[in-house]
Amino acid sequence: MTVVPKEDGKVAAETASTVPHSSVVRESYFSPHYLDLEYRRLWPRVWQMACREEELPEVGDYLTYDIGDDSVIVVRSAPDQLRAFHNVCRHRGRRLMEGTGQIKHIRCAFHGWRWKLDGSNENVTHREDWCGGLDKVDLSLGAVRLETWGGFIFINLDAEAEPLLTYLGEAAEALAPFQLDKMRYRWRKWLKMPANWKVALEAFNEGYHVSITHWPLNRFGTSHFTSRATGRHGTFGSDASTLRPESSARTSSAAGTRDMRRAMADFYSYLKGAIDSNMTDTMVHAAQTLPTTVSENASPAEVMGALMQTAQSIDAARGVQWPSITREQYVRAGIDWHIFPNTVLLPMATNCLGYRSRPNARDPDSCIFEVYQLERMPADKPSRIENRRNDDIHDAAFWGEILLQDFQQMEATYRGIKSSGYPGPLLNPTQEVPIENFHRVYHEYLKG
């Protein structure tokens with residue numbers, strides 16, 4: 001028996017199939033009741049990553065961020081000022097803006113009311129008809145909380161919400177050395193995924209699946225993952241891996257049985273074609289030089305050191321400086337951070353792979369799923385990157401092998417979760433802690 005809030009605001013007992021000692025409620029993935037609770041009690045109270053600062057470089061640049069029935073306008077109102085407003089006209093409630101663009105003011109297309117970029121009203125059509133009735137009415141657009149971190153713009157619909165840095169907690173501290181604010185988009189992709197947003201999110205909240213789902217990686221070495229919860233958020237990492245050379249404190253035992261030079265060259269070549277992330281073109285090129293610049297008798301540590309040194313030199317020559325990150329900082333950051341509720345970041349010194357999932361309107365059976373690569377780039381590189389859409393979860397040419405492997409698991413998992421023969425998950429207590437923690441926090445919000 002699990003206690004969940006009902007629509008009338010009272011807490012009542014509802015039968016839910018769950019595994020003992022798990023906070024996961026199976027029905028929360030597909031029940032319209034839970035989707036309704038999310039829109040009423042979760043999304044209005046959490047900090048949500050709306051966009052990146054680089055998406056709004058000029059005064060008047062705007063975009064809209066939608067979550068359920070709510071829509072928010074995020075706009076650069078001054079060179080050093082970003083603002084967010086409820087995307088609704090104060091007059092009759094018409095939605096004001098759609099998509100992205102460049103504006104001098106915010107205007108309602110219905111009756112022509114107009115606002116400055118700071119949200120203050122500058123025009124009411126035929127204002128004299130109100131005979132002074134509007135003189136003491138604040139006609140400003142409804143302000144939405146906005147704060148920035150790591151180059152990301154976060155919004156919160158709750159005016160009384162705690163500060164963003166407090167909300168992020170250890171996640172902000174652990175990720176600070178990577179200087180995400182100095183990275184920019186290299187590519188962006190999105191789709192409407194045929195799975196609930198939580199299934200899509202959880203596919204990237206643990207490393208337990210890597211050696212099976214992404215089995216081609218095993219030829220480069222395997223990893224054993226550990227994970228932990230930190231407040232609302234979760235993280236996982238590995239203390240023995242050849243799959244994360246920038247931060248490896250130790251390599252896997254398999255590393256000593258093969259030529260690490262050629263293994264790294266092959267590894268980065270594979271990543272380039274399979275996901276085009278978790279590395280940069282510089283790292284791919286530097287790895288290809290290893291067989292000719294490093295002795296075949298070099299230790300794994302020496303190979304890694306040579307790879308990093310070559311890559312940093314190449315980047316420095318093209319105007320890209322790496323941050324100084326200690327081994328202890330790498331260990332603390334781990335591999336993957338889940339920022340509650342719906343953002344996942346995989347940080348590295350030169351790049352960061354990111355995911356975001358959110359509900360698709362009132363359909364619990366699908367979600368909006370986004371993938372992007374952030375990267376350190378020379379200052380003269382273009383900053384506006386198209387967010388490309390492709391709903392075909394079998395298009396290897398567009399998505400790459402690794403993401404398609406994840407997509408197939410998402411679709412099949414969501415279908416299986418709905419089965420009457422599935423009572424609920426048996427979560428790995430070492431490797432799947434972030435999933436358990438996610439549902440613990442999720443249900444705390446739903447209880448109100």
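Mentor: The answers below take up confidence, pockets, strands and backbone angles in turn.

Trainee: What is the average pLDDT of the protein?

Mentor: This is a predicted model, where local features need pLDDT of at least 70, side-chain atom pairs count only at pLDDT 80 or more, and totals for chains, interfaces and linings use all residues. Residues are numbered from 1 along each chain as its sequence is written, and side-chain values use heavy atoms, with hydrogens and water left out. The protein averages a pLDDT (the predictor's confidence in each residue, from 0 to 100) of 91, and 91% of the residues score at least 70.

Trainee: Where is the pLDDT below 50?

Mentor: Residues 1-20 fall below 50, and that stretch has 47 contacts in the model beyond near neighbours in sequence. A contact means heavy atoms within 4.5 Å. Residues 247-256 are also below 50, with 18 such contacts.

Trainee: Pockets next. What is the volume of the largest pocket?

Mentor: About 690 Å³. Rolling a probe the size of a water molecule over the atoms shows where empty space is left. Here a pocket is an open set of points on a 1 Å grid over the protein atoms alone, where a 1.4 Å probe fits, with protein on both sides within 12 Å along at least five of seven lines; lining residues have an atom within 4 Å of a point. Grid points are joined across faces, edges and corners, and the volume is the space filled by probe spheres set on the points.

Trainee: Which residues line the largest pocket closest to its centre?

Mentor: L63, T64, G99, T100 and N387, out of 33 lining residues. β4 (61-67) is among the strands that supply at least two residues, and β4 gives the most, with seven. Strands (E, at least two residues) and helices (H or I, at least four) are DSSP runs, numbered from the N terminus.

Trainee: And by class?

Mentor: The lining divides into 14 nonpolar, eight polar and 11 charged residues. Ala, Val, Leu, Ile, Met, Phe, Trp, Tyr, Cys and Pro count as nonpolar, Asp, Glu, Lys and Arg as charged, and the others, Gly among them, as polar.

Trainee: How much space lies in the second largest pocket?

Mentor: About 540 Å³. It has 20 lining residues, and E202, E206, T413, E432 and I435 are the closest to its centre. α11 (401-417) is one of the elements supplying at least two residues, and α11 gives the most, with six. The classes are 11 nonpolar, five polar and four charged.

Trainee: Switching to sheets. In what order do the three strands of the open sheet come?

Mentor: β3-β12-β11, with antiparallel pairing. Two strands pair if DSSP finds at least two bridges between them.

Trainee: Why is one side of β3 and of β11 left without a neighbour in the sheet?

Mentor: Because β3 (48-52) and β11 (145-149) stand at the edges, each with a single partner strand. Five bridges join β11 to β12 (residues 152-156), and T148 has I153 as its bridge partner in β12.

Trainee: What about β14 and β15?

Mentor: Six bridges join β14 (residues 225-230) to β15 (residues 233-238), which run antiparallel. Their hairpin has two residues between the strands, and G231 takes a positive phi near 65° there.

Trainee: Which peptide bond is cis?

Mentor: The bond from F340 to P341, with omega near 5°. P341 lies in the loop between β16 (336-339) and β17 (343-347).
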